[in-house]
Amino acid sequence: MIRFKNYMLTALSLIVITVGCNEWDEHNKPSHEALNETLFQAIKKTPELSQFSEYLVATGYDQVLASSRSFTVWAPDNQALATVSADITGDAEKLKLFIGNHISYQEYFTESANPSVRIKMINGKNLTWYGNRLESAGVVSANEYVRNGVLHVINEPVIPRQNSWELLLASSAGPKQLAYLQSLTYQDFVDSLATQTGVDPNTGKPIYEPGTGIVTRNRFLEEAIDISNEDSLHTFIILDDNTFNTEFTRLKPYFTTKTGNQDSTARLASWHLAKDLVVRGVFTPDALPDTLVSKFGVKVPMDKSAILETHLTSNGIVYVMKAMNFRLKDKFPPIIVQGELPDGFSRTDKNVNIHYRYRDWASGGADLRVWNHGIAQFNVRYKIDRLYSMSYKVYWRTVNDFVDTTYTNATANPPYAHLDAFQQKLVIDLKSIYVSGAPAPQKDFNYVKVNALKANPANNRLKYLGDYKLDNYRSLYLFVVAGTATSPNTLNPIEIDYIKLVPIF
Amino acid sequence: MLATAVIAGGTFVGVTSCEDMLDSKPDKALEPKQAYRNRFDADAAVIGVYGKFLGLAKHYIVLNELRADLMDVTANADVNLQQISYHQASDQNPYASPKPFYELILYCNDVLRNFDIMFADSKLLQAEYNERYSDIATLRCWLYLQVAIHWGQVPYVTEPLASVDDLKDLEGAPVLGLQEMVRELIAVMEKLPSHELYALNSTLNANIDGYSTNLFFINKKFFLGDLYLWNGDYLKAAMQYKDVMMTPVSGVAIYDSYKVKYADVASNDDLAIGYIRDKEQDYKSLINNNTQGWKSMFIRPQDPLFNSEWIWVLPFDSRFKQSSPFVDLFSNSGGKYLVRPAQLAMDQWNAQVQRNGFTFDQRGRFTYAMEGGQPVIKKHIYNYDPLLPLQRTGKWFLGRAALLHLRFAEAANRDDHSKVAWAFLNPGGIRVTYDDPAITDVTKELDTFLPYPYNFAARSTNVPFFRDDWHRHDGIRGRAYVTALTLDSVKYFNMSVKPRVLTNAEALKRDIEDKLIMEGALELAYEGNRWADLLRVAIRRNDPSFIAAKIHDKLQKAGKTAEASQAKARLEAGDWFLPFRME
């Protein structure tokens with residue numbers, strides 16, 4: 001009986017709610033009439049936006065703005081659109097790009113910009129919204145809120161800019177640099193983009209329709225900074241031919257190849273020049289420091305008096321320059337070879353004797369020690385890939401702090417008491433194996449005494465070993481060679497924190 | 001056949017009569033009067049208490065670690081956890097509620113009364129009654145000590161209440177402060193009929209699914225030692241701890257069990273921080289896997305090596321639908337990542353020097369790890385695999401040999417045996433501390449030559465043949481491969497006479513005690529002992545600044561300057577407790 005009563009109550013309450021429904025409709029009804037119309041309807045009914053409305057229809061964006069997604073439209077009024085050249089309005093593709101430069105997804109109000117926000121437009125370009133202006137176009141009326149977005153009216157058209165890569169391709173300011181960068185373009189095959197027509201019955205491999213799946217790439221855009229990407233923000237430098245030649249000539253000697261192949265040298269030197277001609281971040285002329293730093297850590301001197309042209313692009317800023325005095329010591333920084341990152345050892349059976357040690361004082365936080373190996377001239381091999389053809393001052397840092405690892409002495413304090421001095425040497429060669437005797441290696445720096453540590457190891461400085469001249473641009477091997485004795489252990493260990501090669505100009 | 005008929009009949013009635021269906025009696029639950037009929041029911045009651053006890057794991061870690069100086073909150077932590085960390089807990093804070101503890105206490109009370117009834121009705125033999133009653137009574141004492149540590153003035157009830165709704169009735173119960181509570185609990189513990197583990201032939205001492213059940217239950221002597229330590233009965237405490245150290249462990253040699261033994265440098269099958277032999281200088285040779293070395297004690301199954309260290313551990317095993325609460329608390333991959341190691345704790349590990357010259361303490365790197373750029377406490381969640389997010393296997397670590405040794409050292413130090421404490425702390429242990437280079441006769445050295453409980457011998461010679469019980473003992477820092485600590489003897493001894501004379505005993509004790517507490521931070525972080533350790537020492541020294549300075553440092557290093565000074569002021573005023581709220 002009780003349960004039945006409950007049913008009745010529930011039923012009654014439902015009836016009450018049903019009866020009350022009409023009032024809820026009233027309550028939920030939008031009070032603002034504008035919320036019933038779409039962006040396109042709102043634009044269409046505004047007389048001063050009639051031209052913009054026509055262009056929307058012409059480009060097909062009217063359909064987009066009638067959809068249920070949210071948009072923001074910055075509509076230039078008729079007066080503003082009258083200033084747009086026929087070059088744009090007469091070309092369907094250019095017109096679509098132009099109109100698309102005034103529409104974005106999502107809703108941006110004047111207060112969304114605090115103080116400014118970068119917005120991706122529907123044509124892919126990024127623009128800056130300051131609340132009272134879009135780029136340089138001032139706002140006439142703002143924040144008209146309709147069903148699927150926001151409408152602002154602006155007093156200037158916002159002409160879509162080229163991006164930096166498009167600007168470079170269209171520019172005649174630096175033909176040499178342009179030609180070099182274009183030479184880095186190549187075509188790649190991506191199977192997921194290709195159309196498969198069948199399977200080769202013999203190999204089982206897929207057959208693709210010829211001409212499909214081909215993608216054009218550029219090594220500069222991939223390895224330096226992609227200045228064709230609308231979302232990147234960069235400062236790009238174009239050198240005029242004269243400057244490009246001058247800098248190229250300065251770099252060329254350091255890329256001498258073994259065969260004397262001038263093409264290879266030109267390719268390498270050009271890359272070494274061009275890779276540092278782009279910097280992350282937009283540095284406008286008023287905020288331009290005298291030195292920028294490239295992605296590769298190279299200092300880029302910016303002489304304001306050498307700027308020939310300045311172009312704002314959709315994804316950054318481009319300077320055309322008539323001088324670019326890179327300092328060679330910036331272009332060729334010292335090379336540091338960390339001891340704890342060896343390429344190999346003279347024997348493979350001595351793993352137990354090779355110790356990678358954490359040390360606070362060591363470069364990179366660690367060093368390498370070889371101890372108790374019992375092999376005359378045991379050596380550690382390091383490899384430097386692609387070293388420039390020039391002379392170097394060669395240094396190393398070694399610290400003889402051998403802490404005995406047996407238990408009883410381990411608690412000795414300080415831990416580096418009662419140590420012995422030992423000898424080791426550095427050898428440079430083109431071969432990957434060090435053999436004492438003939439043929440002599442490229443450079444043998446002879447044995448150097450490594451004295452036992454007496455004080456704080458942080459005070460151990462770099463030791464200068466000598467100079468080395470490399471004739472050709474190539475890879476090189478460095479060997480740290482232990483003493484000639486096989487015993488006792490204290491006479492032939494190896495310790496190396498790092499080796500440093502400083503270019504001499 | 002009869003049963004089937006009854007069930008069928010019951011179903012029929014259920015369908016026809018609405019009222020009967022609603023009021024039907026549960027067929028899978030027992031009435032209280034049916035629950036305690038024989039020994040197996042008593043066993044079920046014990047297991048039931050510990051099953052419920054598992055639910056306290058998260059609460060316990062949060063209260064004992066987050067209130068202390070080694071654990072900090074992350075950006076994900078809610079205001080309740082922040083309040084606990086900053087010592088600003090409101091009385092609405094769920095972590096500040098003692099209710100879960102009291103629910104379990106009342107449950108224990110109920111079980112204990114029923115054991116009494118069973119014993120009176122001869123349903124339990126004397127031996128069966130003794131071990132079960134003592135176990136649950138000890139657990140209740142442990143819960144009361146926890147409650148007193150965190151809430152200060154708390155009601156003390158030993159009578160069962162019918163249900164948790166009666167918690168309000170606690171108002172009539174006597175209210176005890178921490179010191180009174182400790183004395184009361186000691187009185188209870190001393191009267192218990194048994195202080196031993198469950199006997200070998202006990203039905204509660206078994207091996208089930210890879211778990212030795214004996215590790216589930218509280219160690220009564222260990223806990224009684226803790227109570228004596230709180231109460232300042234240092235000799236009694238040391239005796240209890242010593243007895244635990246000498247307790248035989250099944251499958252483990254006497255000189256390995258609970259001895260914090262030295263590294264096995266040849267096989268690395270040990271619980272020490274270690275490197276491959278002769279490659280100690282090579283960071284690539286660190287023993288870092290799930291079956292060897294210090295880290296493995298938190299990961300390995302319950303094998304002899306595990307049993308040689310762990311004294312009290314409860315499992316969360318996903319095979320039995322259990323889920324470790326620590327994954328949510330600690331993990332940033334599948335968990336909520338609510339707490340993290342405090343900067344203070346990380347700095348303390350990095351201030352240590354290993355015996356191979358590396359300037360950090362590898363225990364820290366095993367206790368937490370940088371994962372996705374965030375420091376994550378790993379001790380409790382090594383058995384959790386983020387790729388299997390629903391299998392939250394883990395353990396609740398409650399007590400192990402290193403904790404036992406540090407507590408013993410704390411007691412010995414206060415009982416005027418600072419040298420024994422020193423041996424327990426430093427590399428080489430008894431063997432090195434009691435090795436006199438001037439003596440060649442081993443019968444005259446490598447031995448404390450002290451009476452129980454400070455009698456330790458560490459000889460290991462073949463002629464004459466000795467394998468003393470403590471010959472493998474290595475000290476906490478020895479096993480952890482960090483360098484020995486030093487004391488400035490001039491401060492405490494008159495060195496101008498031979499033998500030197502101790503002139504400032506209290507200062508020496510404090511210095512060693514500070515070092516023991518620091519070692520607890522390095523070795524036992526996040527295992528739930530920290531707040532109690534700090535509080536005990538602060539109370540013993542009558543020095544609130546001992547605890548206040550540490551909490552202040554933690555918050556200061558975390559960039560919480562205002563919270564740091566507030567917490568410091570509060571703790572220095574002796575305001576150590578959470579608001580007691582019960583509803």
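Reply: The turns below cover confidence, a hairpin, a helix pair and a sheet.
Reply: This is a predicted model, in which local features need pLDDT of at least 70, side-chain atom pairs count only at pLDDT 80 or more, and totals for chains, interfaces and linings use all residues. Residues are numbered from 1 along each chain as its sequence is written, while chains are lettered from A and ligands numbered from 1 in the order in which they are written.

Me: What ipTM and pTM does the predictor give the complex?
Reply: The ipTM is 0.71 and the pTM is 0.78.

Me: And what is the mean pLDDT of chain B?
Reply: The mean is 89, and 93% of the residues of chain B reach 70 or more; pLDDT is the predictor's confidence in each residue, from 0 to 100.

Me: Changing topic: how do β3(A) and β4(A) pair?
Reply: Strand β3 (residues 117-120) of chain A pairs with β4(A) in the antiparallel sense over 4 bridges. Strands (E, at least two residues) and helices (H or I, at least four) are DSSP runs, numbered from the N terminus, and two strands pair if DSSP finds at least two bridges between them. The two strands form a hairpin with 5 residues between them, and G124(A) in the turn has a positive phi of about 95°.

Me: Which residue of β4(A) is the bridge partner of R118(A)?
Reply: The partner is T128(A).

Me: Now the helices: which residues of α12(A) meet α13(A)?
Reply: E247(A), F248(A) and L251(A) in α12(A) meet A269(A), S270(A), H272(A) and L273(A) in α13(A).

Me: At what angle do the axes cross?
Reply: The axes of α12(A) (residues 241-251) and α13(A) (residues 262-274) cross at roughly 115° and come within 9 Å. Axes are lines fitted to C-alpha atoms, for helices over the stretch in contact, and angles run from 0 to 180 degrees between N-to-C directions.

Me: Finally, what is the strand order in the open sheet of 4 strands?
Reply: The order is β18-β30-β23-β27 in chain A, with antiparallel pairing.

Methods: Contact = placed C-beta atoms within 7 Å.
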